[in-house]
Amino acid sequence: MFPFSFEWAWDMSHIVFMGGLWYALSIIGAGLTYCIIKAAVDTLKGDAGTGDHH
Amino acid sequence: MKNNHNNGKAKKFGMVIDLDKCTGCGSCMVACMSENNVPFKADETDKRLSITWMLVYKLNNGKSHPDYDECYLPRPCMQCEGDHGHSPCVSVCPAVATDYSHETGIVSQIYTRCFGCRYCMAACPYHARYFNWWDPAWPADMEKYLSPNVSPRMRGIVEKCGFCFHRYQLAMDKAYYEGRDELEEGEYQTSCTQACPAGAIVFGDLNNPKHAVHKIALPDSKHGGRPKNPNAFRLLERLGTNPKVYYLSSRKWVRDSGDNYRPDEK
Amino acid sequence: MDLDSALWPKGVQRCTFPKFMIGITVVSVVLVWGVYAALLCWFKGLNQTNMNDYYGFALWIWADLAVIALGGGAFFTGFLRYLVKKDELKHIINYAVLIGFICYSSAQLILGIDVGQPLRGWFIFWHANVHSMLTEVAFCLSCYFVVLCIEYIPLILENRQLDKVPFFHHLGHNMHGIMAIFAATGAFLSCFHQGSLGGVSGVLFGRPFGFREGVFIWPWTFFLFTWSAAACGPCFTILVTKLTEAISKKQLVKPNVVDLLAKISGWMLFTYIIAKTVDTWYWAFVTVPSKGFNWAFFYSNNDFYGTWILWLEIVICGYIPALLLITKKTRQTNSTLWIAIILASIGVCVNRWALVLQVMAPPVMPFDTWALYIPSWQEVATTILPVAYGVMLIMISFRYLPIFPQERELNPITN
């Protein structure tokens, strides 16, 4: 999973597989971080906190 | 799965089993269990729950008396090479708990790495892989007889024959101590080979033309190790598993039992 | 006013709290039975099962693959809603997500029980063998489960009381805002884990019953599994929706929404089953003969593994539901729609059975024997456990969360 584990090899299969994995994880992580930070900022701004999501 | 090539000195340890000599006595099975600390249970009725790295099958030609004939076929792990180390079980293991050594041609099993998903067992057409359904236990006094060179396996993992790999390590240690980096043919032999009273099992380096296994099987390296000896065959050759265990028999029906043939091919 | 009515979504009616608790208690009994069996497997080991060295995959592995296929409604509906912009599907996407969440969490639980050394489960990630289909399954499954959590959390935050907390309200709102990104990631991950589950048996070149040729590193079953999950997953979503409607005795989703999803599902299923037919034909007349087998051999030993399984999977649970769903009249008739979605859901489960468990049965060495397996009660209980868990989660979610946006409009409260 990480370059420091001894099974790791800088070959095409690892680059494609782990590249895809870390790409997906980065998107999920970044998206989630954005949501949490923005929610905190919105809350601090003192929005009413009511209304429909849709 | 790193390919540890040994600068052209790569070995390909393999076995030739002469089925015309095998009497089905089971010495190889016993020797294997003893050598490798294979656990057993009080009740071994269900053979599909028994761990037998080496297993002797009984085959017959399907005919009735007086044409009836039978044959015993010892089956260790075939140490499949597949296509360049792409053996059926190695490529499927999700945690690299089993590996194909390009140095020795032996398929290893790392007991402390295996987490027991059993995917390798599903992949092996020879049923050479066994799961530890129970914790290993020996009668109290028997624990003193366990081999200190082989670690016993815990519950919940897969184990299999590794051509007595610890013997290879011991032999290599000795050779290193004596300033050599090559082994003599007799220095590394599996326990089943030595235990067979009929001398039906021959073990050695298939890559070495001086070794008996090479001389008998005559593996054709240009055609995936297919034997040139007309009496030699490998199990399930057609699947492309490229095993390193060769069988010998002068009887055609025995050789035909080694693989599947459609009715129109017979 | 009921005891917990302050927690209900606005403007909807729910059954009384005691009635709800009776339901929860009944399901809990089954759940506890399943948990007990699972604990037995964990503490005493897999000797509690009837698996053996020939038949190393259990009933629950079939259940695992089946629920992942059935939960495919979540990724495919999400894909249609957020990426293809089929806006009507927003009225059913919440439920698709919930069903997906249940299916995938169940699958993870099953895998946790299935392995011989559960405490080493993390090895699959840490010491990953990128060549193994199972590694791909583990990674994509876990990542997609995270995506499903992200999709389910805003729904929880929409609970009437939780929504009053400003931070939760904003968090839910923001997550909705970028849901298309999560849905796209989920679709990407789903394609791979559904596919790699197909690859699990497809790559077994030592097992001609499961082995398939393919393209590059992927056997044909890789693509067929993704395709069938996308086809049958939404059918299961519709099925559970209709069951929920039948049990709650009210309409929850407008017919045009169901019709659209059923139509897309129908065409997916129709194209899939043609591809599956071609795959089966190629396997039977090209792949298997090249290994020295006659295809009929694999169905010859006993009635349980007879050719009926092919007919059931491809014709009865394949072509028939596909035709029922692509034909407007039968799709829009309640009875035939029910038949179609039930058959399609059964069909994908039969397919997973055949391609995972049946692979273990036929011998490969000519002198070897067939392997049959009857699950132990511990395996049955552990397999039923996710069903009880799913029912319970649906009961709780339906009661307290606004899963069906059209419910209020379709069931106005008149008092």
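I take helices (H or I, at least four residues) and strands (E, at least two) as DSSP runs, numbered from the N terminus. I number residues from 1 along each chain as its sequence is written, and I letter chains from A and number ligands from 1 in the order in which they are written. This is a predicted model, so I keep to its limits: local features need pLDDT of at least 70, side-chain atom pairs count only at pLDDT 80 or more, and totals for chains, interfaces and linings use all residues.

I started at B:Arg118, in the loop between β5 (107–109) and α2 of chain B. Its phi is near 70°, a positive value in a residue other than glycine. Is B:Arg118 buried or exposed? I count a residue as buried if 20 or more other C-beta atoms lie within 10 Å of its own, exposed if 12 or fewer, and partly exposed in between, with C-beta atoms placed from the backbone. B:Arg118 has 25 C-beta neighbours inside 10 Å, so it counts as buried.

Next I looked at B:Pro66, in the loop between β2 and β3 (70–75) of chain B. The peptide bond from B:His65 to B:Pro66 is cis, with omega near 10°. For background, most residues other than glycine have a negative phi, and most peptide bonds are trans.

I then followed α3(B), residues 165–177. This helix has 13 residues and reaches 18 Å from its first C-alpha to its last. That is close to the 18 Å expected at 1.5 Å a residue; the expected span is 1.5 Å times one less than the number of residues. Just after α3(B), B:Gly179 takes a positive phi of about 80°.

**Entry: a sheet in chain B**

I traced an open sheet of four strands in chain B, in the order β8-β1-β12-β11, with mixed pairing. I call two strands paired if DSSP finds at least two bridges between them. Which strands stand at the edges? They are β8 (201–205) and β11 (232–233) of chain B. Each has a single partner strand, so one side of each is left without a neighbour in the sheet. Five bridges join β1(B), residues 13–18, to β8(B), and the two run antiparallel.

Chain A has one helix and zero strands. Of its 54 residues, 9% count as buried.

Chain B has six helices and twelve strands. Its C-alpha trace spans about 50 × 50 × 35 Å along its principal axes. I took the radius of gyration over C-alpha atoms, with a globule rule of 2.2 Å times the number of residues to the power 0.38. For 266 residues a compact globule would have a radius near 18 Å, and chain B agrees at 18 Å. I find 45% of its residues buried.

Chain C has 15 helices and two strands. Its radius of gyration is 22 Å, close to the 22 Å that the rule gives for 415 residues, so chain C is as compact as a globular protein of that length. Its C-alpha trace spans about 75 × 50 × 35 Å along its principal axes. Of its residues, 54% count as buried.

pLDDT is the predictor's confidence in each residue, from 0 to 100. Chain C has a mean of 95, and 100% of its residues reach 70 or more. The complex is given an ipTM of 0.94 and a pTM of 0.94.

**Entry: where B meets C**

How many residues of chain B are in contact with chain C? I find 45, against 40 residues of chain C. Contact here needs C-beta atoms, placed from the backbone, to lie within 7 Å. The elements of chain B giving two or more residues to this side are β2 (55–60), α2 (119–123) and β6 (129–131). The largest share, four residues, comes from α2(B).

**Entry: two residues in chain C**

C:Lys249 sits in the loop between α9 (220–248) and α10 of chain C. Its phi is near 55°, a positive value in a residue other than glycine. C:Lys249 is exposed, with 8 other C-beta atoms within 10 Å.

C:Ala275 is in α10(C), residues 255–290. C:Ala275 is partly exposed, with 14 other C-beta atoms within 10 Å. Not counting residues up to four places away in sequence, C:Ala275 touches C:Leu224 and C:Trp227. I also looked up C:Pro154: the two residues C:Ala275 and C:Pro154 are 121 apart in sequence and 38 Å apart in space, C-alpha to C-alpha.

How values were computed: Two residues are in contact if their C-beta atoms, placed from the backbone, lie within 7 Å.
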